[in-house]
Amino acid sequence: MTPRRRDPREVLPLSPPVYHVLLALGDQAAHGYAIMQTFERLTEGREQLLPGTLYATLARMAETGLIEETAPAEPDADRRRRYYRVTPWGRAVAAAEGERMRLLLEVAAARGMAPEGA
Amino acid sequence: MSGRPIRAAARVLFRVAVRSFPRAFRRAHGGEMVEAFDRSLARAMERAGVRAGLRFAIRSAGDAVRQGWKERTRGAPPRGHGGGTGHDQGRAGRMMRGLATDVRLALRTLRKNPGFTAAATLVLALGIGANTTVFSALRAALLAPPPYPDPERLVFADLTLVRPGTSGAETMAWSYPKYRVLAEAEGRMIDPLAGYASRNVTLTEAGPPTRINVEVVSPGYFGLLGADPVLGREFTAGEADASDPPAVAVLSHELWRGRFSGEPSVLGGRVVLNGRALTVVGVAPPGFRGLTATAEAWIPLAAAGEVISPFMVRGAQAHWMRIVGRLREGATFEGAREQMRVLGDAVAEAHPLDEPGGEFSGTARRFEDVRVNEGARAAVLLLSVAAGLVLLVACANLSALLLTRARRRAHDGAVRLAMGASRWRLVRASLAESATLAMLGGGVGLALAVWGTRAMAAAWPRQFLGSGDGELRVVSVEALGLDRSVLAFGLAATAATIALFGLAPALRASRSDLASRLKDGGGGSRRADRVLGLDARAVLVGAQVALALVLLIGAGLVGGSMRRLLGVDVGFDPRNLLTFQYAIPRESAWQDDLAGFHEAFIERIERLPGVEGVALGTPPLVGHWSITLVNEIEGRDPIPQGEGPPIGVNIVAPGYFDVLGIPLLRGRFFDSSDGGDAAPTVILDRRAAETLFPGGEAVGRHVALGISEEGKERLARVVGVVGDVLYQAPDREAIPEAFYALREFPLSAGSLSVRTSGEPLDLVPAVREALARMDPSMPLFSISSMDDVAARATGDRRVVLSLLALFAFVTVLLAATGTWGIVSYAVADRRRELALRIALGAGNARIVKSVLGQSLVAGVLGLVAGLGGAWAWGRLLDAFLYRTSPRDPAAFAAGAALLLGVVLLASWLPARRATRVDPVEALKAE
């Protein structure tokens with residue numbers, strides 16, 4: 001399955017867990033639990049990925065090529081865990097989603113429906 | 001409740017939820033998912049407390065179920081974009097969403113009624129917790145396959161002895177020569193087979209001297225049990241020859257790691273047991289401790305003669321080992337058992353019984369039938385039934401509770417029906433509420449079970465659940481716990497509960513007579529739920545009373561037995577006694593003066609601070625030192641060989657009776673004149689004196705017992721008669737006892753009972769040091785306080801009694817709240833009518849009677865049914881009763897009276913409120 005040639009905008013909007021995983025991963029390689037933790041930290045504990053959703057999402061994202069399994073960065077990492085990183089396609093999709101959201105936010109701001117400073 | 005059981009229960013809950021994912025997915029991600037959950041849970045609990053953790057667990061479990069379901073229904077190849085947005089269509093999806101709505105609704109309703117929800121959850125948790133806990137014991141003891149490969153093909157090859165005049169054959173241990181006959185038989189269906197027995201030996205060198213258990217086993221023992229050594233080898237067929245005793249041993253993994261630092265070089269090295277050096281040829285796999293579950297090392301059968309006693313390999317009538325084997329390919333158990341009869345006869349022919357009248361034969365038993373003793377089997381079955389009754393009572397209680405609620409909400413239901421909701425929809429909503437409650441109760445119940453199994457493992461005496469026949473210990477108390485099957489059972493119990501308590505209210509919800517409900521206002525029609533002319537809830541209360549009475553009478557019967565057992569006169573003063581044993585090694589210089597050693601050691605102990613007296617000799621309650629037969633009694637006809645009455649024998653030092661508080665009835669105690677070269681003397685207890693010299697004076701007469709050695713005067717003169725002492729557990733039949741002086745029979749091992757002024761076990765270090773001063777190679781073992789010994793003697797009953805009592809208490813409480821509930825409801829329901837009656841001048845007694853009627857009829861019917869139930873289940877209790885009939889009228893009467901009192905009180909308290917109805921208020925309120 002090679003969805004990479006397509007326009008990333010075709011798969012938008014992303015479901016929140018997918019976007020959250022992409023954001024949490026960034027340019028790092030990480031395993032599931034680390035993704036949960038990172039995401040919680042990035043959102044200052046206001047958002048949480050639950051394990052069931054997280055692993056189901058990871059499996060689907062790996063299938064569709066948004067992320068891929070990789071060897072862990074640190075040499076002493078836990079071998080029993082699967083590590084993931086964002087593919088270039090995933091990166092493009094995440095950027096497109098960000099762009100879509102920025103647009104929406106601008107619209108919201110213009111209508112006075114966005115928080116100050118957004 | 002602390003966080004740990006909650007955490008354990010939450011983990012269990014999440015694991016179950018994860019099962020909704022397809023298997024392949026679980027294989028790939030399941031482990032990580034659970035780990036991530038576990039760590040997040042720990043963090044949440046640490047940061048925000050147990051409640052936050054619980055919230056996280058419930059959310060995560062729900063989320064996992066949803067995602068797992070999605071994953072299962074996805075089926076089709078993955079869609080092009082990255083996220084499943086959950087637009088699953090079709091029946092399954094719609095159903096799931098409908099269910100989710102129902103559950104959400106139910107949760108909202110339950111949250112709005114915290115009192116009801118808490119009560120219902122607690123009732124269910126008690127029922128499910130009790131059952132899951134007891135099931136873990138049931139599984140460990142009777143259901144789980146033994147931890148060996150192909151356990152269903154494992155069998156015991158038994159030697160049996162039929163004595164004339166007795167019915168049935170007695171199962172015997174094998175002697176080495178008899179084992180050889182069986183092992184060398186051609187064409188056996190039980191092949192391979194292996195003999196084993198456990199013995200206590202002294203381990204010296206490479207550390208302080210200690211007593212350890214070894215198993216004496218045949219070559220092939222390890223292979224038979226699928227426990228091939230991890231290092232080296234097991235015994236070879238060549239090491240089975242007793243004429244050339246093999247000096248080899250296999251070590252347990254734990255002994256190797258502990259005492260031999262886990263060095264592979266241990267192979268070929270030596271281990272010293274009972275002073276014999278043996279070559280280590282192998283190390284057993286970790287955790288393997290043999291069929292007796294206590295072995296630290298193994299030696300070949302043929303070496304037992306060298307290491308333990310020559311008699312073990314030479315004596316054809318020295319029966320000491322059991323034989324376990326495997327059915328050969330194609331052989332059936334029945335065939336093997338038949339063949340064992342023939343082989344047993346061949347063994348009997350080769351080594352016939354040397355006393356007249358007995359006949360050896362053989363048989364076979366399945367391994368699974370032997371693994372726990374009858375007492376354990378009976379206990380587990382009894383408790384399973386009892387726990388089942390608790391769950392039934394819980395269901396009945398809850399059902400009544402839900403019916404009451406359903407009645408109060410009948411009006412809501414009618415309104416919903418009128419607005420066009422389908423009846424099915426109402427049934428579903430009601431079922432969803434029951435199911436949600438059951439889930440809550442099940443969750444809390446599992447947490448209770450985590451705690452319960454731990455408590456049970458701690459309370460269950462080790463020797464009880466652990467001991468099967470023939471020293472077998474396949475079931476360990478440590479194995480009690482929540483595993484997959486116990487969990488599945490807990491969930492099944494929960495599902496059964498939903499069906500049991502949820503169905504009646506659900507059906508009621510659908511059976512709504514619209515017009516009358518709407519007209520009826522809030523109260524609901526009283527004619528609705530009737531069974532045999534009685535209110536359905538009254539019937540449910542009656543059922544609770546009946547079941548509670550069954551448990552109450554059971555607890556009363558076992559409790560009475562326990563009281564009787566504890567009240568048995570043991571014949572000595574068990575307070576503040578420390579007991580222990582020691583053994584004088586064969587190579588010790590003291591071997592030439594054994595009595596001298598004992599006396600010197602006693603003197604040392606007597607000088608220790610806090611010691612009030614020292615008694616040498618087997619202490620009471622731990623079992624007889626030896627049981628032999630009476631051979632000759634002065635003034636009586638000669639007794640044919642082997643036909644005298646059995647008698648226990650104890651070897652004691654002067655002071656034994658005094659220190660233990662055993663009274664002298666006639667004659668004198670031993671003193672320094674007894675034993676040695678003097679004419680043999682003996683002291684009898686009253687039972688023995690009456691058995692041997694009925695109606696006459698025993699002191700001064702002579703008697704010969706089976707203990708007499710060659711070259712000694714056979715007849716011993718009776719010098720004293722002492723009070724009866726129990727050497728076995730009080731529920732066993734007492735055997736008469738005879739005492740010889742230590743100087744008469746110097747032993748190479750000693751049992752001391754030390755009377756202390758303080759806590760007996762505090763003395764142990766000082767005793768250890770005293771022994772080390774005399775000989776540093778001598779081990780001290782079997783250290784125990786007499787209190788513990790006495791507790792062990794009633795141990796299995798204690799566990800059964802405490803659980804039965806707990807179950808009985810819970811069910812009586814439930815029956816009481818059930819009764820209370822129905823009467824309170826009757827009062828509230830009939831306010832208007834009662835107010836009217838009071839206004840018209842009805843007296844208090846009349847008012848109370850009118851609201852009590854139903855509950856009293858139900859209660860009394862319940863009591864009658866309960867008496868019948870208790871009558872029927874007596875057989876299950878029989879194994880735990882001591883001098884108590886399972887149909888003891890006193891216990892029945894007491895149980896019924898107590899429960900009647902509870903029912904009356906629980907009815908009367910709310911009924912009283914009926915008389916306080918203020919007619920003006922009540923009538924105005926309409």
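A residue is counted as buried when its relative accessible area is under 20%, and as exposed when that area is over 50%. By this criterion, 47% of the 118 residues of chain A are buried in this structure, which is a predicted model.

Chain A contains 4 helices and 3 strands, and along the sequence these elements follow the order α-β-α-α-β-β-α. Where contacts in chain A link residues at least 6 apart in sequence, 61% of them join residues that are at least 24 apart.

The backbone deserves attention at several positions. Most residues other than glycine have a negative phi, and most peptide bonds are trans. In chain A, the bond from A:Leu12 to A:Pro13 is cis, with an omega near -5°, and A:Pro13 belongs to the segment that comes before α1 (16–25). In chain B, the bond from B:Asp191 to B:Pro192 is likewise cis, with omega near 5°, but here the proline, B:Pro192, is found within a strand, β3 (residues 190–204).

Positive phi values occur in each chain as well. A:Glu44, which is not a glycine, has a phi of about 55° and sits in the loop between α2 (32–42) and α3 (51–63) of chain A. Its counterpart in this discussion, B:Asn274, has a positive phi near 50° and is also a residue other than glycine; B:Asn274 is placed in the loop between β7 (270–273) and β8 (276–283) of chain B.

Two packed helices are described by the angle between their axes and the distance between the axes. Helix α18 (residues 536–567) and helix α26 (residues 844–877) of chain B pack at an angle of about 40°, and their axes are 6 Å apart; α18(B) and α26(B) are therefore oblique to each other. The crossing in which α18(B) passes α26(B) is right-handed. Residues making the contact include B:Gly542, B:Ala546, B:Leu549 and B:Gly554 of α18(B), and B:Gly859, B:Gly862, B:Gly866 and B:Trp873 of α26(B). Taken together, the residues of this contact comprise 16 nonpolar and 7 polar ones, with no charged residue.

Terms used
Residues numbered from 1 in each chain as written. Chains lettered and ligands numbered in written order. Predicted model: local features only at pLDDT ≥ 70, side-chain atom pairs only at ≥ 80, totals over all residues. Heavy atoms only, no water. Axes fitted to C-alpha atoms, helices over the stretch in contact; angles between N-to-C directions. Helix = DSSP H or I, 4+ residues; strand = E, 2+ residues; numbered from the N terminus. Parallel < 35°, antiparallel > 145°, perpendicular 65-115°, else oblique. Left-handed = near helix turned anticlockwise from the far one by under 90°. Contact = heavy atoms within 4.5 Å. Nonpolar A, V, L, I, M, F, W, Y, C, P; charged D, E, K, R; others polar. Buried < 20%, exposed > 50% of the residue type's maximum accessible area, 1.4 Å probe, protein only.
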